[in-house]
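The following note is intended for a colleague who is meeting this structure for the first time. Please read the numbered points alongside the sequence and the model.

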Amino acid sequence: MMVRDDIARAVEAAVRAAQAAGDVPPVALPDVTVERPQRAEYGDYATSLPLRLARAAGMRPLDIAEAVRRHLPALDAVAEATVAPPGFVNFRLRPEWLAAQVEEIRRAGEAFADLDLGGGRTVQVEFVSANPTGPVHVGNGRGAVFGSTLANVLAAAGYRVEREYYVNDAGTQIDAFARTLYARYQQLCGRDAPLPEDGYPGEYMVDLAQEIRERHGDAFLRPEGEPPPPELADLGIQGMLARIRADLEALGVRYDVWFSERDLYRPGGLYEQTMALLRERGYVVEKEGAVWFTSSGLGDDRDNVLVRSSGEPTYFASDVAYHYDKFVVRGFDRVIDIWGADHQGHVGRVKAAVAALGVDPDRLDILLYQLVTLRRGKEVVRLSKRGGDIITLREVVDEVGADACRFFFLARSHDSQMDFDLELAKRQSNENPVYYVQYAHARIAGILNHAAERNIDYADGDVSLLRHPAELALIRKMLQLPELIEAVARALEPHHLPHYATDLATEFHQFYTECRVVSDDLALTKARLKLVEAARLTLARTLHLMGMTAPERM
């Protein structure tokens, strides 16, 4: 159904035929691109190839465009090709061909718009990966929706996708978490234990300590002054991870792998293998009592510490070993890391580390998402992960629903800051884009249910009867979905999906207003019911790519 690509091949064939006929000089062709015009009156597709070819060919763009038009091979989908200044060739699709695509969409069903762009290549998408020291917050939620939706689109585009959460269960923050948990645990056991200055004061730590004490009593109490027992910290991490997993699942986010940072440091394991490889390749030096990675020689702005003078590996050392595991051990063809904007300074050094491991750094994409400002109308709601008054992702999901969260998080490009209006997200009106889009699907389901109640069997419907401009506009919009999936998969920009869903809903509402579906004209009724079914498939597919539900009634 990628008629755009058929037209691009026809344009290339036309230029070569024009060159063979002597109408265009035999110069090298740039890549042939076919796009949708800005304005519908210009047609369905257009190519600017004559403008890009003019200088090399020494011809006026309009003359090249006319030569291309004359030599175009016939295409079933194209009704006409016209030349427009300053050198475009515009294409208009045949209404009969458009109508026939309704049957193609119905035949494809849930697989409509699937592509083979990835060719079965493996891609790992790692996202959220918040430290298990507290509940996931709204910012994490934006990364979760971005990552999970991108993974859905890549799978639809023909990649074998693995979704992964990297559990930072080692290092100084986990140590602070363990000491905080032990202080809360001691307090519940009747001791006057102060919270550590670098600890986590949130009430969730009290709840976690209470759960452990209810299950284990005073078993983890040690003489005053002794450090917290490791078993208590492990139980705390497990409890926090269970909360994180449940909160993300409430948002419709699930993972194939939960990878523990601790696994990197097993004796003879990934960390030691990675350090040995970096030393062997000459990327490690010792200075100032520490072990450094010479990333400045690989394009980073400075060298970076791998092992502190205390002998403790840095977080960067963990990152290097983790990416060694991704690329060298597990052998992913491509890796996508999705991080918060506060990790901007880490991008260059991780890319340099991947190169030092002998891996093409272009196989690694690091995408940063910006902050979220939570509002109730005009009032800003303050967030603080480490503060006692934390507003968690789960609270927001419980208030507005997972579908609204996902749509709003996706509606802006990941690299731009966004406002999330809780009041708008709950509004049951067309002002709320989530309601507007899902209501379109519910209306479609209602039409099909109404037809079923009247025992209308439309299996033999003749889609060639679909000629009304609103019908054809709806079909045109449905046929954009495969192109959109390709564009999102190439640019890694899933924020286009909610805008497409809104446009598709608008086209359906317009069709519904102008065209009565179930009428006294049985033949036209059957044809339109096929169109409605195709619209349901397309809209549901779009919603599911975004991780949203497609409601039958509202």
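1. Pro-85 sits in the loop that joins strand S2 (78–84) to strand S3 (88–93); helices (H or I, at least four residues) and strands (E, at least two) are DSSP runs, numbered from the N terminus. This is a predicted model, in which local features need pLDDT of at least 70 and side-chain atom pairs count only at pLDDT 80 or more, while totals for chains, interfaces and linings use all residues. Residues are numbered from 1 along each chain as its sequence is written, and side-chain values use heavy atoms, with hydrogens and water left out.

2. With a relative accessible area of 64%, Pro-85 is exposed. The terms are set as follows: buried is under 20% relative accessible area, exposed is over 50%, and partly exposed is in between (1.4 Å probe, protein chains only). Pro-85 is 23 residues from Leu-62 in sequence, yet their C-alpha atoms are 6.6 Å apart in space. The peptide bond from Pro-85 to Pro-86 is cis, with omega near 0 degrees, and Pro-86 is also found in the loop between S2 and S3.

3. Most residues other than glycine have a negative phi, and most peptide bonds are trans. Val-128, although not a glycine, has a positive phi of about 70 degrees. Its place is the loop between strand S4 (122–127) and H5, and Val-128 is buried at a relative accessible area of 9%. Leu-492, again not a glycine, has a positive phi of about 55 degrees. Leu-492 lies in the loop between H17 and H18 and is buried, with a relative accessible area of 4%.

4. Helix H11 (residues 347–356) has seven of its ten residues buried, so it is largely enclosed by the rest of the structure. Among the buried residues of H11 are Val-347, Arg-349 and Val-350. Gly-358, which follows H11, has a positive phi near 90 degrees.

5. The 19 residues of helix H18 (residues 496–514) should span 27 Å at 1.5 Å a residue, and the end C-alpha atoms are 27 Å apart, which agrees. The expected span is 1.5 Å times one less than the number of residues. The buried residues of H18 include Leu-497, Tyr-500 and Phe-508.

6. Cys-189 is buried at a relative accessible area of 19%, and Cys-515 counts as buried at 1%. A disulfide is a pair of cysteine sulfur atoms within 2.5 Å, and by this rule the count comes to zero disulfides.
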